[in-house]
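Q: I would like to learn how to read a protein structure, one feature at a time. Please show it first, then begin with the contacts.

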Amino acid sequence: MDKANNAFRTIGEVADELGIAQHVLRYWETRFPQLRPLQRAGNRRYYRPDDMALVRRIDQLLHREGYTIRGVQQLLAADGKEARPLDPQLAAVTAPIRNDLITSLESVRDDLRAALAQ
């Protein structure tokens, strides 16, 4: 019985379809924060179509293009798949802290630049 492309799949179905061991898929969940299948009672995982696309991409990068885990993490982060919208109230609280930190870091950078120029 074939499932529709937009159907949820269990970890076993994903493993069989893509030829990836279930323990590898669970490991990838710990290494790639973007990969978060639904988990129901008993920690049963259900992969959405977007999760399937991400698993395929990770598999392609790791096993066919020769990237390392760290390389794939950086590539996915650069794609912005890791970025999540920030709660507006939290953003209002953290913005001044972030701005102070940036100012401090810029000051350190300028001091280092001046020290190196001497």
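A: A contact means heavy atoms within 4.5 Å. In this protein, residues 24 or more positions apart account for 47% of the contacts with a separation of 6 or more. This is a predicted model, in which local features need pLDDT of at least 70 and side-chain atom pairs count only at pLDDT 80 or more, while totals for chains, interfaces and linings use all residues. Residues are numbered from 1 along each chain as its sequence is written, and side-chain values use heavy atoms, with hydrogens and water left out.

Q: What pLDDT does the protein average?

A: pLDDT is the predictor's confidence in each residue, from 0 to 100. The protein averages 86, and 86% of the residues score at least 70.

Q: How many helices and strands does the protein have?

A: Helices (H or I, at least four residues) and strands (E, at least two) are DSSP runs, numbered from the N terminus. Here there are five helices and three strands, in the order β-α-α-β-β-α-α-α from the N terminus on.

Q: What order do the strands take in the sheet?

A: Two strands pair if DSSP finds at least two bridges between them. The three strands form an open sheet in the order 1-3-2, with antiparallel pairing. Strand 1 (9-10) and strand 2 (38-40) each have a single partner strand, so one side of each is left without a neighbour in the sheet. Two bridges join strand 1 to strand 3 (residues 44-47), and Arg9 stands opposite Tyr47 in strand 3.

Q: Is Val14 buried or exposed?

A: Buried means under 20% relative accessible area, exposed over 50%, and partly exposed in between (1.4 Å probe, protein chains only). Val14, in helix 1 (residues 11-18), is buried, with a relative accessible area of 0%. Not counting residues up to four places away in sequence, Val14 touches Arg9, Gly19, Leu25, Tyr47, Met52 and Val55.

Q: Which residues of helix 3 are buried?

A: An α-helix has 3.6 residues a turn, so residues three or four places apart point the same way. In helix 3 (residues 49-64), the buried residues include Met52, Val55, Ile58 and Leu62. The buried residues of helix 3 pack against strand 1, helix 1, helix 2, strand 3 and helix 4 (69-78). After helix 3 comes Gly66, with a positive phi near 80°.

Definitions and conventions: The expected span of a helix is 1.5 Å times one less than its number of residues.
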